[in-house]
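Trainee: Could you take one part of this and go through it closely with me? Start with the overall picture if that helps, then zoom in.

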Amino acid sequence: MRGKDLTRTLRRYGTLIGFLAVVLFFWASIPDTFMTARNWLNISQQMSMLAVVAFTMTIVMTMGDFDLSVGSMASLAGIVAAILFSQGYSVTAGLAAALAIGIAGGLLNGFLVSIVGILPFVATLGTLTIFSGFAFLVSGGRTIFGRDIPPSFSGFARGGIDLNLFGELPVMLPYMTIAALVVFLAVWLLLEQTAFGRRLYAIGGNREAARLAGVPVRSLRLTAFALTGFGAAIGGLMYASRVASANPTQGSGLMLNAIAAVFLGMTMSEEGEPRVHATLVGVLILGVLDNGLTQLAVDSYVREILVGSIIVAAVAFSSFGRGNG
Amino acid sequence: MPLFSVTNVSKAYSGVPALIDASLELEAGEVHALMGENGAGKSTLIKILAGVVEPDSCAVTLDRRRVRLDSPQNAFEHGLRFIHQELNVVPQLSVAENMFLGQRYPTRFGAFVDWKAINAQATAALERLRISGIKPGRKMARLSTGDQMLVRIAGTLVADPSRPASIFVMDEPTAALSSEESERLFAVIGELRAAGCAVLYVSHRMDEVMRISDRVTIMRDGRTVKTMAIAATDRREIIQLMTGRDVGEAFPPRRGPIEDSVALDVRSLASEHVSGISFSLRKGEILGVAGLANAGQSELMRAIIGADAQRSHHVALDGSLLPGLSPGAAWRRGFAYVPRERRKEGLVLSRSVTDNVTLPHLAETSLLSVFLDRRRERAVAGDLGRQVRLKAARLSQLCRHLSGGNQQKVVFARAMAGRPAILLLDEPTRGVDVGARFDIYTLMRELSEAGTSILMSSSDLPELLGLCDRILIMRDGRQLTIEPAAGLSQAELLHLFHD
């Protein structure tokens, strides 16, 4: 009995323990810079775009669906905003158009999945290509940068709230981090504190039972995909702001990492349900690994192999003994 | 000396005892019933016999030898065979292929499947049990649930002759069967007994147990209370031993007449699976839906709440015509629905009791219909849980960890919330023990007397006759007739199904 309880605890908290081990390892290996407020704020800024996409990805994943098109939606949103800027529209107009595109694309995904009834994998694989094609089409394949990008837009990613806690070096809480925190809170409220979220979890647990209990499965799936598209557009805008430019492929790395973060988070729940606070841990793991390995000057290809292996190991570890074993 | 005995079986789950020094003996050539309320420990005992659950202590003797049942393979090699209510069949494969599932196919030249031998052995096994009308080459999907179960039983006979089956454990085998399918199963059980096998028969259905078994062992609160010869006992004693209280087995009678006002009026309702459904349900009336297996009882209910698309509909609630419904709209308008398969269609097993009870009522229990009010949800779930006598350790317990009867009570509690105008119950007591069953009957009566109109399907004929005011008979998805239940006998009812 005792042994079984131990494996259960390990399985449940294994990811968290692994995360702490990674932190300790980097702390020991890079004693001067890793465990500093500045570095952690830096990590939070580096991963803020991924965090936003992963948080909103969690919304569709609570229903057992997922969205492969978030990366190309992020690129498209950045491109749309940048093109409007280059044509002299205001920052507000550009942001509004990009976010509207995000919602529209999400609704298209939702329509294909819930009304037409295509598997999310296939439907969003299709829209991934469509969004990417649009991004190339409207930009002509070029990167939009320089004077076309208004300073008030790119300034957002550089700015922050001054935190002179320690008085030594200037430290600030980046606006990007704040944006990610706001999205986190919004998604947490939505999934954990509203009837909407409860219904999404019910759909994820047993779609047919949820439907027969009166849960409007179709409209909820539609809405959830729209929110994920919206989040992808926010992530794309943050990215464009950070690099002060937009090109039609810059968001493409976000999709796999966002899904990986949610999966890492799912390993922490006994029932394997995605929870947004667990996704936050998943994002932190990816962010810390990236930051630490870069500081250790690990080759970027080796880094990819390491990160991939860690994801597989975490998921494998948490599913040990959960099957028919 | 008995053929098989288990003694001193104890098992606790994280400190909570599920079995306390239980014991059981099986003789060759007997049908031995195992009865007890949900949560009495039957399932745990069976899982220990099957080698799926590891007991804290246990001694097993088979043919005077001490054996260990520590894995499913081990149990199989000692001749134990398990037939569960939820069948593991592969519908795309043939009858013969399903009978050979998990076993080595006979081969030719050591490599090619010998289809002739497979079919011949399958036929022989079916014949040994005198099962007629099932061809080995038939697709499993085309068989009724009852026939699929017979195929599973016959499949245990084609096994490797070095490991013959001697003990059959059947866990509520008739729960999903119609009365005539059950008859065929009983005939097969008779054949097994005649062949010298022991059959451990778990069922909540008193009639069956009294009819087909030789002895009965009663379990209560994790202990085996008593083993008796069926001839030397009666229902009353069995129920008393199971529940530890004196439960009147009578159906709670209706006190007072039904109101005259029509609550639900259905005219020529049709879906993909049913057609020509017309009836009107008075306020507080209980209308039964009956027929042979799969005559469209479930589909009738699904059509009413719009779970299956309505092809033509004229459904009026309290005199006002409803638009084509969806399940969501139906719940909002005062319908409540208990589907047939609680695990597949009723519950979100990965969620708590509270979450499952309030799922259709979140708009009412949430602040401004949006923000979850967990305290209110707990109050609602706790209140309903007490009314249905739910035995759950905590309201936050996951439904996955509840016994079958308690899972059913969760689905029932959900349907009772807010006193629905129309309550649709599809096999509400399926797999539910006697005590819980009468709790459900009493609740149904209370609801009906408070003005809820109930439509219930059941394959348990005494239940239909004991509770319903009228019975709607179906065949092949069509409505045959509606008969008043008073004065109808089981035989007459069966006769109506066939003709």
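Mentor: Chain A has 325 residues, for which a compact globule would have a radius of gyration near 20 Å, and chain A agrees with its 20 Å (taken over C-alpha atoms; the rule is 2.2 Å times the number of residues to the power 0.38). Keep in mind that this is a predicted model: local features need pLDDT of at least 70 and side-chain atom pairs count only at pLDDT 80 or more, while totals for chains, interfaces and linings use all residues. Residues are numbered from 1 along each chain as its sequence is written, with chains lettered from A and ligands numbered from 1 in the order in which they are written. Chain A holds 14 helices and four strands (DSSP runs numbered from the N terminus: helices are H or I, at least four residues; strands are E, at least two).

Now the close look, over in chain B: helix 14. Helix 14 covers residues 374-387, and at 1.5 Å a residue its 14 residues should span 20 Å, which agrees with the 20 Å between its end C-alpha atoms (the expected span is 1.5 Å times one less than the number of residues). B:Glu377, B:Val380, B:Ala381, B:Leu384 and B:Gly385 are buried there; buried means 20 or more other C-beta atoms within 10 Å of a residue's own, exposed 12 or fewer, partly exposed in between, with C-beta atoms placed from the backbone. Seen down the axis of helix 14 of chain B, these buried residues fall within an arc of 130°, so they line one face (the arc is that of the directions from the axis to the C-beta atoms). An α-helix has 3.6 residues a turn, so residues three or four places apart point the same way.

Turned away from that buried side of helix 14 in chain B are the exposed B:Arg375, B:Asp383 and B:Arg386. The buried residues, meanwhile, pack against helix 12 (353-358), helix 13 (362-365) and helix 15 (404-416) of chain B; contact means C-beta atoms, placed from the backbone, within 7 Å. Just past the end of helix 14 of chain B, B:Arg389 takes a positive phi of about 55°.

Follow helix 15 onward and you reach a sheet. Six strands of chain B make up an open, mixed sheet in the order 19-20-21-15-22-23 (strands pair if DSSP finds at least two bridges between them). Helix 15 of chain B packs on this sheet, touching strands 19 and 20 of chain B.

Note on methods
Contact = placed C-beta atoms within 7 Å. Axes fitted to C-alpha atoms, helices over the stretch in contact; angles between N-to-C directions.
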